[in-house]
Amino acid sequence: MIQSETLELLEWSRLCQHLSTFAATKLGAVASRHLTIPTSKNLSEELLAQTKEVYELESRLNSGLSFEGIQDIGDSLERAQLYGILAGDELLAIATTLSGARNLRRAIDNHEDLTVLTSLVSELRTYPEVEQEIHRCVDERGQIADRASQKLGDIRADLRKTRSQITQKLHNIIQVKSSALQENIITQRGDRFVIPVKATHKDAIPGIVHDTSTSGLTLYVEPNSVVPMGNQLRQLTRKEEIEEEAIRRLLSEQVAAICPDLERLLLIVTTLDLATAKARYGYWLKANPPRFIDIKANEKITLRQLRHPLLEWQHHHEQGHAVIPVDLLVQPETRVVTITGPNTGGKTVTLKTLALAALMAKAGMFVPAREPVELPWFDMILADIGDEQSLQQSLSTFSGHIRRISRILNELGRDATCRVSTSSLILLDEVGAGTDPAEGSALAIALLKYLADHALLTMASTHFGELKALKYQDERFENASVEFDDATLSPTYRLLWGIPGRSNALAIARRLGLNPEVVEAAKQEMGGANDEVNSVIAGLEAQRRRQETKAAEAQKLLQQAEVLYKQVSEKATSLEEREQSLKEKQEIAVQEAIASAKGEIATVIRRLQKGTPTAQEAQVATNNLNQIAEKFTTPQQQKPKVGFMPKVGDRIRISKLGQTAEVITAPDSDGELNVRFGIMKMNVKLTDIESLDGQKVEPPPARTTRNTPPANVTPPPEAPNIRTSKNTFDIRGKRVADAEIILDKALSEASGPIWIIHGHGTGKLREGVHAYLKQHSRVKRMEPAAQADGGTGVTIAYV
């Protein structure tokens with residue numbers, strides 16, 4: 001009784017009603033509204049696993065899990081088992097339910113890693129042959145189709161023929177006897193076809209009168225010539241009904257034969273829909289899956305940013321206030337938490353929020369709190385919240401509380417000598433209130449000590465100052481309080497741990513407009529000792545707020561540092577990838593140039609072999625080219641490092657960090673300079689930096705006699721120049737202006753020497769080309785080609 005009473009106090013039915021709005025089927029909605037609390041931890045974990053896997057499956061599917069076609073066929077199955085004959089629409093509902101269940105199983109079977117759901121639907125039997133037979137016999141309107149049987153098809157063909165004959169006969173009568181009719185129409189009375197005849201002309205059309213109009217001026221007559229056909233139509237209609245009933249009986253018997261499997265199907269589908277509703281409700285609440293912990297293994301209860309689910313619904317759907325979350329962090333040795341503080345400060349809401357979180361976790365639902373969500377599996381959740389005052393039962397507020405607490409103690413099933421804790425959660429609101437403060441305080445202390453021995457966790461709200469001292473007498477007790485803002489004289493609804501609260505009754509009374517003289521007199525009556533205690537508590541609260549502010553600032557700095565570290569790491573990775581990409585592109589370019597040169601030499605060889613025996617000389621040239629290629633593709637030697645001295649504004653690389661930076665100040669006498677990268681500035685030594693092309697900072701070389709090169713320095717060998725079709729440009733026959741355009745483009749794209757074929761002619765084109773090359777900034781020098789390559793008719797320009 002007390003457990004159901006607790007659910008009523010916590011408004012569990014309202015939460016279940018909210019859950020039902022996320023169900024996809026009628027069965028799921030009913031199951032959600034009547035959600036039961038599991039009685040074992042294993043069952044709770046199984047339900048929670050179902051919710052987790054449905055949540056994961058919903059995130060993978062574009063449109064979520066579909067329950068289309070699934071209907072509540074429970075009543076139909078019960079009638080079929082009692083040898084009843086099902087209607088066409090009932091049979092059609094069974095067929096669509098079988099199809100919908102098959103689609104559900106197919107969607108889950110495609111995800112073999114979801115083992116709980118896969119195991120659940122593995123027992124699902126959907127009987128496609130029964131579904132196909134129903135669809136063959138029943139159309140989409142729930143009517144028996146002509147194709148259901150040959151006999152039914154013949155009967156309906158005769159029916160259509162007879163109706164056609166009747167209407168044709170009546171049309172003939174209407175044409176002949178139109179003057180005797182009120183209207184030239186054919187209508188029906190019951191299952192008989194009639195025509196509206198004027199009452200004054202009833203003898204003009206003899207027949208059976210089936211009805212008259214309200215005024216009596218019209219008679220609805222079935223002409224005698226049509227009566228035999230009408231009788232035949234009635235007989236055919238009866239045959240049709242008998243045949244339809246026989247078909248529906250046959251289908252109903254097939255359904256009755258598989259009723260146990262269909263009932264199992266409904267149970268599985270309802271379980272899936274209930275798990276889907278829980279997952280969707282959890283997604284809407286921004287909730288997280290809980291983990292059941294073992295207090296005996298020194299695991300603490302962790303519920304950060306916990307929100308009341310009913311208040312969340314009220315905020316989003318009923319224009320309620322924004323929900324302020326609370327942090328519940330209970331150490332494993334704690335058995336009783338006393339919450340103190342002003343009225344309307346949120347003490348009762350905190351109790352209800354914890355209770356609902358524990359119930360939701362037991363029912364396999366996600367908890368509206370930040371990860372990680374860790375709490376024990378409570379076998380009982382019992383509460384005394386609110387006022388049970390009753391005039392009918394002559395119960396005062398105190399009496400109501402005591403009776404409910406007595407039922408809680410009886411439910412625990414422990415006597416005063418048993419000191420073995422059960423896994424129960426007990427919630428007491430205003431414990432010991434409603435009677436003499438001294439006696440109420442003593443009773444509250446005794447009760448909480450008893451519960452510390454017999455329950456896993458007790459959370460109680462109180463205004464008694466004596467309860468605050470229990471923490472310092474017994475390590476199983478802990479204090480918490482709801483925060484009160486002295487500036488606005490209003491509660492902030494935040495829960496503070498480790499600090500006893502102040503009731504702030506006088507401050508609230510002043511804010512609510514009580515006479516200041518009365519408030520001051522009350523202060524005098526209380527004396528200075530209470531003021532000193534309140535000042536100490538206020539100082540503790542202020543210190544806690546300062547620590548929280550500093551912690552928030554430190555967290556913000558940490559986040560900024562993490563972001564900066566991530567940016568620096570990404571830039572370093574990007575530079576490494578870019579460097580590797582450049583090396584690969586250079587290697588590809590070299591290989592392409594060599595391949596092109598080889599191809600051209602091979603062409604020369606083939607041409608020479610077809611002509612004179614000088615092809616052997618071309619073969620020698622090819623061998624030489626292969627040697628050049630091998631030399632070209634060998635790992636390049638490091639460039640000799642020359643002296644490098646950074647200047648202000650230069651971009652340099654910090655070797656240890658692998659980051660590029662900008663020089664802000666010139667090096668000082670100690671060899672240090674200030675650099676900036678990103679938003680950071682730092683001093684680095686000259687030995688720790690290098691230029692972007694890898695040059696280290698070295699002392700400048702000693703001066704030597706001008707024009708006297710160092711004896712031990714030999715000029716690097718010049719790379720071999722290979723003429724190909726890509727670096728040869730034929731401008732013969734073009735004007736100087738057109739040739740300059742071609743050469744400008746060629747020089748801007750060239751990475752080595754280019755061969756310019758201008759010919760001899762009058763010499764004007766050659767002079768114009770030479771003049772242009774002399775003034776071009778990229779041209780280092782130029783010279784005529786070898787005699788074999790064209791002599792003075794070809795100019796080689798080195799860039």
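Student: Which residues gather in a patch of negative charge on the surface?
Tutor: Asp72, Asp75, Glu78 and Glu263 gather there as a patch of negative charge. This is a predicted model, in which local features need pLDDT of at least 70 and side-chain atom pairs count only at pLDDT 80 or more, while totals for chains, interfaces and linings use all residues. Residues are numbered from 1 along each chain as its sequence is written, and side-chain values use heavy atoms, leaving out hydrogens and water.

Student: What goes into a patch?
Tutor: Members have over 30% relative accessible area and no salt bridge, with like charges joined within 9 Å and nonpolar side chains (Val, Leu, Ile, Met, Phe, Trp, Tyr) within 5 Å. A salt bridge is a Lys or Arg side-chain nitrogen within 4 Å of an Asp or Glu carboxyl oxygen, and areas are Shrake-Rupley values with a 1.4 Å probe.

Student: Where is aspartate 72, and is it buried or partly exposed?
Tutor: Aspartate 72 sits in the loop that joins helix 4 (41-60) to helix 5 (74-81), where helices (H or I, at least four residues) and strands (E, at least two) are DSSP runs numbered from the N terminus. It counts as partly exposed because its relative accessibility is 40%, given that buried means under 20%, exposed over 50%, and partly exposed in between.

Student: And aspartate 688, buried or exposed?
Tutor: Aspartate 688 counts as buried because its relative accessibility is 19%, and it lies in the loop between strand 18 (680-685) and strand 19 (689-691). Setting aside neighbours within four places in sequence, aspartate 688 is in contact with Arg653, Ile654, Ser655 and Lys656, a contact being heavy atoms within 4.5 Å.

Student: Switching topic, which peptide bond is cis?
Tutor: The bond from glutamate 371 to proline 372 is cis, with omega near -5°, and proline 372 belongs to strand 9 (residues 370-376).

Student: What about phi of glutamate 11?
Tutor: Glutamate 11 has a positive phi of about 60° although it is not a glycine. Glutamate 11 is in the loop between helix 1 (2-9) and helix 2 (12-20), and it is partly exposed because its relative accessible area is 29%.

Student: And phi of asparagine 298, what is that near?
Tutor: Phi of asparagine 298 is near 60°, which is again a positive value in a residue other than glycine. Asparagine 298 is placed in the loop between strand 5 (290-293) and strand 6 (301-306), and it counts as exposed because its relative accessible area is 62%.

Student: Phenylalanine 193: where is it, and what is it in contact with?
Tutor: Phenylalanine 193 lies in strand 2 (residues 192-198) and is buried, with a relative accessible area of 12%. Leaving aside neighbours within four places in sequence, its contacts are Arg163, Ile166, Thr167, Leu170, Ile186, Thr187, Gln188, Glu222 and Leu233. The C-alpha atoms of phenylalanine 193 and valine 226, 33 residues apart along the chain, are separated by 8.4 Å.

Student: How many Å separate the C-alpha atoms of threonine 422 and methionine 380?
Tutor: They are 8.7 Å from each other, with the two residues 42 apart along the chain. Threonine 422 is in strand 11 (residues 422-428), and it is buried because its relative accessible area is 8%.

Student: Zooming out, how many helices and strands does the protein chain have?
Tutor: The protein chain has 21 helices and 23 strands, and 40% of its 799 residues count as buried. Among its contacts with a separation of 6 or more, 66% are between residues 24 or more positions apart.

Notes. Lys and Arg count as positive and Asp and Glu as negative; His and the chain ends are not counted. The place of a charge is taken as NZ of Lys, CZ of Arg, CG of Asp or CD of Glu. Buried means under 20% relative accessible area, exposed over 50%, partly exposed in between (1.4 Å probe, protein chains only).
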